[in-house]
Amino acid sequence: MIEPTAGRAVADEAAPSRAAASVPTVPLPRPAPDAARPLSEPDAARPPSAPDGARPVTPPRQDGERPRRRPALSPSRAADFKQCPLLYRFRVVDRLPEQRSPAQVRGIVVHAVLERLFGLEPPDRVPPRAHALLAEVLAELTAEDRALVEEADAARLVDAYFAMEDPRRLTPEACEVFLEAELESGVGVRGYVDRLDVNAAGELRIVDYKTGTAPRAVFEARALFQLKFYALVLLRSRGVLPRQLRLMYLGDGESLSHRPERDELERFERTLVALWRAVLRAAPTGDFRPSPGRMCTWCSHQAICPAFGGTPPEYPGWPDDLPG
């Protein structure tokens, strides 16, 4: 069984719980093949499942022409719109290039290492092999991205993972799997799940790795937004309510677990529908307005943002006539 740990309340929903390093793990059945991962996916900032000599670890930057597809909601794009509608437009509609940060590249590298780790036979999932995988992943980076990541920093996060659980005892259903569904309201939802665990009873656990540190208690509900999103996609696409959601913070060795309830996810779905309606109200005219705040410090688009005296590019139009 995948058992959640009792924890303190967050807002009016079921309580997430924290656990420090050395979290007990659960033996699970053999994995099914991973779902295909379309590299043209707008929200796909993911590494490939394994080195194949054809695809880079870090995805291509958005500098060149790429096919446009109908926008849908993902956890990151939903968060963008909530943070700043204009940022959402720049990323989803204009698809403007952005400068990667060291934290982003480090996260991509660590995720790639952990995904490849689970591609090994269970007895081989040990720290020395993980460090060999890290060297392999780093060697596949572009020169520009390689300059942004320190091997020692990535190695520390990989070691932190082993302090939290023993991957030799786990056989996930899938790693880095693409999930997609359409809600009854017509809203498309999609995204990548770091890991799906399933026990003998068919109960699912969604696991997401974070290379930062765990949030303070007051921000835990916000931190679970992404996993509730994935839980809703699974509920609507498979008709299965995940037994547990788990965030693993490799930066400090803590984890945050939550057991979702069906009515909780139904309320969450109504929130997403309302958010999508707000997106569609702005879509015909491109009325995606800036929302200045502290996150502007890290934004790549200040030069063309009206809040900073800039002028956005001409609105290319909402791509609702294109296949999803």
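I'll start with the largest nonpolar core, which has 46 residues; Leu73, Val189, Ile206 and Trp318 touch the most other members. By nonpolar core I mean a set of buried Ala, Val, Leu, Ile, Met, Phe, Trp, Tyr and Cys residues joined through side-chain atoms within 4.5 Å. Buried means under 20% relative accessible area, exposed over 50%, and partly exposed in between, with a 1.4 Å probe and protein chains only. The elements giving two or more residues to this core are α1 (75–83), α2 (85–94), β2 (174–182), β3, β4, α8 (225–238), β5 and α9 (262–282). Helices (H or I, at least four residues) and strands (E, at least two) are DSSP runs, numbered from the N terminus. Apart from this core lies another, of 30 residues, including Val105 and Tyr161.

On provenance: this is a predicted model, where local features need pLDDT of at least 70, side-chain atom pairs count only at pLDDT 80 or more, and totals for chains, interfaces and linings use all residues. Residues are numbered from 1 along each chain as its sequence is written, and side-chain values use heavy atoms, with hydrogens and water left out.

Now strand β4, residues 204–210. Because 6 of its 7 residues are buried, β4 is largely enclosed by the rest of the structure. Strands count as paired if DSSP finds at least two bridges between them. β4 runs antiparallel to β3 (residues 188–198), with 4 bridges, and parallel to β5 (residues 244–249), with 6 bridges. Leu196 has Ile206 as its bridge partner in β4, and Val207 stands opposite Arg246 in β5. The β3–β4 hairpin has 5 residues between its strands, and Gly202 there takes a positive phi near 85°.

What is Ile206 in contact with, beyond its neighbours within four places in sequence? Among the residues are Val193, Leu196, Leu227, Tyr230, Leu234 and Leu245, where contact means heavy atoms within 4.5 Å.

Next, charges. The whole structure has 20 salt bridges, each a side-chain nitrogen of Lys or Arg within 4 Å of a carboxyl oxygen of Asp or Glu. Asp208 forms one with Lys210, the closest N and O atoms being 3.0 Å apart. Asp208 counts as buried at 2% relative accessibility, while Lys210 is partly exposed, at 25%. Salt bridges that share partners also join Glu165, Arg195, Asp197, Arg205 and Arg246 into one network.

Arg190 and Glu180 form another salt bridge, with closest N and O atoms 3.7 Å apart. This pair links distant parts of the chain, Arg190 in β3 and Glu180 in β2. Arg190 is buried at 5%; Glu180 is partly exposed at 41%.
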